[in-house]
Amino acid sequence: MPSFIRGPLIKAFWDICILKAVPQDLPASTFLLGVAVAAYFATGTAVAALQWPLSQAVLAAFLDTVFLTVLSRVLLWARMLSGRFVQTLTAMA
């Protein structure tokens, strides 16, 4: 694991989870966004696979990920905060 992920980044995600930080505290990194969304999708697939066959679990996780992405984009656009999309989706995923 790279050293930049070990300390401050994990702490930033933890602080967001316990409402002591905001998404703007994360770096606006498309790489980090990709990692977070991939982890969100993988976790969703694993949890859904406990109840459904794998094909349905993958579909459910995919639709959930798409819904999260689209809803975030639309709501930020409506509030004229589109520049915060990367950090917001990273924090939510």
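**Exercise 1. Find the partner of Lys 11 in a salt bridge, and say where the pair lies.**

Step 1. This is a predicted model. Look at the side chain of Lys 11. Lys 11 pairs with Asp 15 in a salt bridge.

Step 2. Check the distance. The closest N and O atoms are 2.8 Å apart. The cut-off is 4 Å, so the pair qualifies.

Step 3. Side chains of opposite charge can pair when their charged atoms come close.

Step 4. Judge the cover on Asp 15. Its relative accessibility is 15%, so Asp 15 counts as buried. The limit for buried is under 20%.

Step 5. Count salt bridges by this rule. The count comes to one.

**Exercise 2. Decide whether Thr 90 is buried or exposed, and list its contacts beyond neighbours within four places in sequence.**

Step 1. Locate the residue. Thr 90 belongs to helix H4, residues 85-92.

Step 2. Read the accessibility. Thr 90 has 0% relative accessibility and therefore counts as buried.

Step 3. Set aside neighbours within four places in sequence. Thr 90 then contacts Phe 13, Leu 26, Leu 32, Leu 33 and Ala 36.

**Exercise 3. Name the residues of the nonpolar surface patch, then classify Val 70.**

Step 1. List the members. The patch consists of Leu 59, Phe 62, Leu 63, Val 66, Val 70 and Val 74.

Step 2. Give the area. Together these residues have about 530 Å² of accessible area.

Step 3. Helix H3, residues 54-78, contains Val 70.

Step 4. Classify Val 70. Its relative accessibility is 47%, so Val 70 counts as partly exposed. Exposed would need over 50%.

**Exercise 4. Describe the chain as a whole: its elements, its span, its contacts and its surface.**

Step 1. Count the elements. The chain has four helices and zero strands. From the N terminus on, the order is α-α-α-α.

Step 2. Take the dimensions. The C-alpha trace spans about 40 × 35 × 25 Å along its principal axes.

Step 3. Find the buried share. Of the 93 residues in the chain, 26% are buried.

Step 4. Residues 24 or more positions apart make up 48% of them.

Step 5. Finish with the surface. The accessible surface of the chain is about 6,500 Å². Carbon and sulfur atoms account for 73% of that surface.

Definitions and conventions
Residues numbered from 1 in each chain as written. Predicted model: local features only at pLDDT ≥ 70, side-chain atom pairs only at ≥ 80, totals over all residues. Heavy atoms only, no water. Helix = DSSP H or I, 4+ residues; strand = E, 2+ residues; numbered from the N terminus. Buried < 20%, exposed > 50% of the residue type's maximum accessible area, 1.4 Å probe, protein only. Contact = heavy atoms within 4.5 Å. Patch = residues over 30% accessible without salt bridge, like charges linked within 9 Å, V, L, I, M, F, W, Y side chains within 5 Å. Areas by Shrake-Rupley, 256 points an atom, 1.4 Å probe, with all protein chains shown as cover.
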